[in-house]
Structure formats: structure tokens, C-alpha cells
Amino acid sequence: MAPPPAALPPLLPVLPVLPALAALLAALPAAPAARAAPRSIAVVGAGLGGSAAAYFLQQHFGPQVQLDVYEAAGVGGRLATVTVNKQQYESRGASIHALSLHMQDFVKILGLKHRREVAGKSAIFSGEHFVLEETDWYLLNLFRLWWHYGISFLRLQMWVEEVMEKFMRIYKYQAHGYAFSSLEELLRSLGGEAFVNMTQRSVAESLLEVGVTQRFVDDVIAAVLRSSYGQSVLVPAFAGAMSLAGAQGSTWAVEGGNKLVCSGLLKLTKANVISARVTGISLHSSEGRALYQVHYESPEGQGSAFYDLVVVTTPLHPSRSNFTFDNFDPPIADFPAAFQPSVTSVVHGYLNSSYFGFPDPKLFPFTSILTTDTPDLFFHAMDNICPVNISAAFRRKQPQEAAVWRVLSQQPLDKPQLKTLFRSYYSVQVTERQAHPRYDAAKALPPVVLHENLFYLSGVEWVASSMEMIAVAAKNVALLAYNRWHQDLEKIDQKDLMHKVKTEL
Ligand SMILES: Cc1cc2nc3c(=O)[nH]c(=O)nc-3n(C[C@H](O)[C@H](O)[C@H](O)COP(=O)(O)OP(=O)(O)OC[C@H]3O[C@@H](n4cnc5c(N)ncnc54)[C@H](O)[C@@H]3O)c2cc1C
């Protein structure tokens, strides 16, 4: 970068060259205008998206910017725990893929730790019997997969690896400061038009095309998607690939609870967390630039405040929020989309192993039960879960002992259903949530830029819904906001980025 003029040696014959220099500068493309940082930024929502956005925005704009984070319920959002017998358990977002580099980074920056892994075996249940059972022997597991499904599992692995390898490019782009003003542009930069198309066609279709058998799709792929998204194999291919990557590779979680990442990032940024529900945003202007008025309501009453830049990190569509945008021309429309209801029941009790074909509970070997897409099967998956703090001495309960199980279902479990799964139980804690987008209703992807300096982060869930996707979107929004603010257009929506980042210093 050129030194500022004040650093020029005073004896240089500056004056005679000035007209020529002025003419040359006029002919050059305009350099990014030096502009003061925004005075104040608002982030709506303090889930992982809001916390990560606050952190990245501060990283780029600097600590002098006033940063307000509005949260209607509790910091962490969909990352939450429930308490059973004085121990906390993850009730929602539970496991993180090993290659989630932003999440890994957060844990490192915040001085958090990975939770100790406690081994357990999985099986897939059809409602009548197990269609696939994991054993302690790796080779036997491979043999069983081959015996039932031929080389489908290898084809799946290759397909997922190819998607993940391309997806990992995002970290390079982001490290070089590149941002994308739409989800389509982001996907295109990673995997070309094929990645964009992966949001519009089903995972089943994509897998059948690469030679995975229908039986493998029906038994294994369906089970993984039911347990992760509570949906069928009609989930779009990109979202499906992310979920299947999590099921294949090693995963981890944060000691003490994944939600600690959210509270940690907000504490680190010293963001001003305001306990209030944002009801709308209206557009004003001051000195020729956009100013956003954020309206909110809290137990103390209604209020509003003005910001130069706003990031919305809570899903905006009719079934989720009463959120109005005023004075925008053209108006900001609702995004026609729906969320999939999901019920998590954390049950402390004795498993009814007979229901699964094991009359002797001592012999029940599984800690995680996935299910096939069978009519009348009333749950999607259940796991024997470990607390968020795992001491070195911790051991799993024996199958005949009372344990804590997390059951995922579409509808709340009624008494007969609970009695089907459990011989008896001490407690049941139910969380009902709009958990993930309903992918079969997906159409176009939502926008990232709602207005000049007004951004929407949560639309990325229509590409895939996971902690790392949200973190990637948070970094993208922060970079995009920064690059747009400083009009550094060369860092937005650039083509051929793989080549560019290779040749950049
Ligand atoms: C049951 C379940 C299991 C999951 N399992 C996994 C998993 O194993 N691995 C994984 O990677 N991901 C998983 N996920 C997904 C993951 O939890 C989410 O992708 C992620 O937590 C979403 O973060 P977010 O900040 O975008 O949204 P949220 O966490 O929903 O945060 C949005 C926040 O905005 C607040 N808010 C809403 N409206 C307003 C308003 N008007 N004003 C102010 N604040 C508002 C909400 O209270 C909330 O705190 C799971 C999700 C669920 C529900």
C-alpha cells in the first residue's frame, strides 16, 4: 500500500508533476473510498448466528462500533440444554462435524474444550425389526454394509467427500476477505452451477444417479435424514450431503454445552445484549445515507433505536415471526417458506428393549436408534445421551439401568407411545420447536441483502441447517457488510476465486 502523502520526502519536485498525476488518477478506476466505520450496528437474535455475526462484525469494523444484540428469549436459541437429576443434557443442536472450522476456531478462541467422546453403537429400526446393526468390529460393519447394499456405501462416501472438499473452499475465500451477496453466488463459487442445482433436487435423486441403490436410500439415507432433519429423502441434495457428512465422519461437542459458544462470543465482543423482541425495522435517512430504526418490545414496554447497519439472524417467514419492514421501496416481502415442527422429549427412564426385539434388557446393545420412513412409526430417532460435562470417570449406564434418552418425533409422544418405548420413567421434558426448514416446500433461496446495509443471515438454512452453516453465513454477512460499507467491490461476488486466492499473497 502507498504511504500517505505526508511521508513523502519534502525535497522531491512534487509541484511540476501534479497536473500529470491528477490526470492519471482521474483515468484510474475509483479506489475504495475511505469511510468512517458505522457508529452503531444491531444484530437481531442471539443464537449461534447472532453471536457469531456480532463477533465477526466486530472483528472487521473494530471495537469502537456500538454493537447491540436483541434477543427475545434466551442466548443460544436452538442450542439449549435441559436439566435431569442436576445434570445438563443437550436438547437440540448436539453434534458438530470434525471439519467445522469456524466452530473449531470459536472453541479455541474462547478457551472451551471438546467434550470427551463416549462410544456407543447405532442401529436402524423399521418398526418391526432392525434392518442394520452396528457391531464392535469395523470389518464386520463393512461386511454387513456390503452384504446388504453392495458398494452403495462407497459410492455415498465418494459423493459426500466430493461435496465436502468443494465446500471447504469457503474457508480460503473468507480468509482472503471475499464475500457473496447471495446464497446462489456463494454456492456457485464453491461448486459451480451443480451446487446451486443441489438446492433444487432431492438427495435421493442425486444418490440414485451416482449408483447408490434404492434399498440403501430407503434404509440408510432415510434413517439419517429422519434423525437429523425429521424429513424424508426428498430433502435437497446439498442439505442432505451436509447431514450425511455428519453421520459418516467423526463429530464432537463442546464440554459444558454447545450454547457456551454463543454466550462466550457475546462476552468476548462485549456486545450490549438487549432482552427484547424486535417487532420491525423502518427505513429512514440521514445526511443522504440509510438509517434503520429497530422497534422492539420488552417487559419494560416498547422502544426503538437507530442503527447504521442491521443483521437479522432469526428466520423471517410468516410461520415464524411477526416482523414488519416499513418505508422500504421496493417493500421487503415475506419469504414463502415453512418450518418443520419437531418435538424433542428428554426421558429419564428404563428402555423397553422388548419393543425392539430384546426381551432381556441386559442384552440390548444400542445407544442410538434411527428409524426408516415407515408409516405409523411415531418417532424419528432416539439416543441414550450423555451429560454436557463428562468427567474422566464417566461411564454409560448399563442397558438395564435407568438412563437419559432423547427422542425426536414430529408430534408430542402420548402416554401409550411413551409406554411403548419405556418400561417406566421418572421424568419427561418436552421441547416443541420449529426446528429446520421444511425442505420439500423449498423454492428460491432467500436473499442475503435486504437493503443497502440491512442483511439477512438465516436464509442459509434453506441451503443446509447446521451450526457450521450458520457460522459460515455469519462470516459471509460480516465480510459482505464490511466490503459494501467500504465499497470494496472487488471483494464481492468475484468469479474464479480458486485461481485468485492461489495467486494472491
Ligand atoms: C432438535 C434440533 C437438533 C439439531 N441438531 C443439530 C446438530 O446435531 N448439529 C448441528 O450442527 N445443528 C443442529 N441443529 C441446528 C442448529 O441448532 C441450528 O442450525 C442453529 O443453532 C441455528 O442458529 P441460529 O442462530 O441461526 O438460530 P436460532 O438458534 O433459532 O437463534 C435465533 C434467535 O433469535 C431469537 N429471536 C427470534 N425472533 C426474535 C425477535 N423478533 N427479536 C429478537 N430475537 C428474536 C430467538 O429467541 C433465538 O434465540 C439442530 C436443531 C434442532 C432444533
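Residues are numbered from 1 along each chain as its sequence is written, and side-chain values rest on heavy atoms, with hydrogens and water left out. Because the model is predicted, local features need pLDDT of at least 70 and side-chain atom pairs count only at pLDDT 80 or more, whereas totals for chains, interfaces and linings use all residues.

The open sheet has 6 strands in the order β9-β2-β1-β13-β21-β20, with mixed pairing; helices (H or I, at least four residues) and strands (E, at least two) are DSSP runs numbered from the N terminus, and two strands pair if DSSP finds at least two bridges between them. At its edges are β9 (272-275) and β20 (449-451), each pairing on one side only. Direction ignored, neighbouring strands of this sheet are turned by 20° against each other on average. Strand β1 (residues 40-44) runs parallel to strand β13 (residues 309-312), and 4 bridges join the two; Val43 has Val311 in β13 as its bridge partner. Helix α2 (residues 48-61) packs on this sheet and touches β1, β2 (66-71) and β13, its direction making about 160° with that of β1. Contact here means heavy atoms within 4.5 Å, while axes are lines fitted to C-alpha atoms, for helices over the stretch in contact, and angles run from 0 to 180 degrees between N-to-C directions.

A further open sheet has 4 strands, ordered β12-β11-β10-β14, again with mixed pairing. Its edges are β12 (301-307) and β14 (324-326), each with a single partner strand, so one side of each is left without a neighbour in the sheet. The twist from one strand to the next averages 20°. Strand β11 (residues 289-298) and β12 run antiparallel and are joined by 7 bridges, with His295 partnered by Ser304 in β12. In the loop between β10 (277-286) and β11, Glu287 has a positive phi of about 50° although it is not a glycine. A cis peptide bond, with omega about 0°, joins Asp329 and Pro330, and Pro330 is placed in the loop between β14 and β15 (339-351).

Helix α9 (residues 214-229) and helix α10 (residues 237-248) have axes 10 Å apart at an angle of about 95°. The two are therefore roughly perpendicular; angles under 35 degrees count as roughly parallel, over 145 as roughly antiparallel, 65 to 115 as roughly perpendicular and the rest as oblique. Ile221, Val224, Leu225, Ser228 and Tyr229 in α9 meet residues of α10 including Ala239 and Leu244. Helix α4 (residues 138-149) crosses α9 at roughly 130°, the axes coming within 10 Å, which makes α4 oblique to α9. Here Leu145, His148 and Tyr149 in α4 meet Arg215, Phe216, Asp219 and Val220 in α9, giving 4 nonpolar, 1 polar and 2 charged residues.

Finally, the ligand is surrounded by 33 residues, the closest being Gly49, Glu71, Arg78, Ser95 and Met467; a residue is near if one of its heavy atoms lies within 4 Å. A side-chain N or O atom of Glu71 is 2.6 Å from an oxygen atom of the ligand. A backbone N or O atom of Ser95 lies 2.7 Å from a ligand nitrogen atom, and a polar backbone atom of Met467 is 2.8 Å from an oxygen atom of the ligand.

Definitions and conventions
Polar contact = N/O pair within 3.5 Å; in protein donor to acceptor, adjacent residues only side chain to side chain. Nonpolar A, V, L, I, M, F, W, Y, C, P; charged D, E, K, R; others polar.
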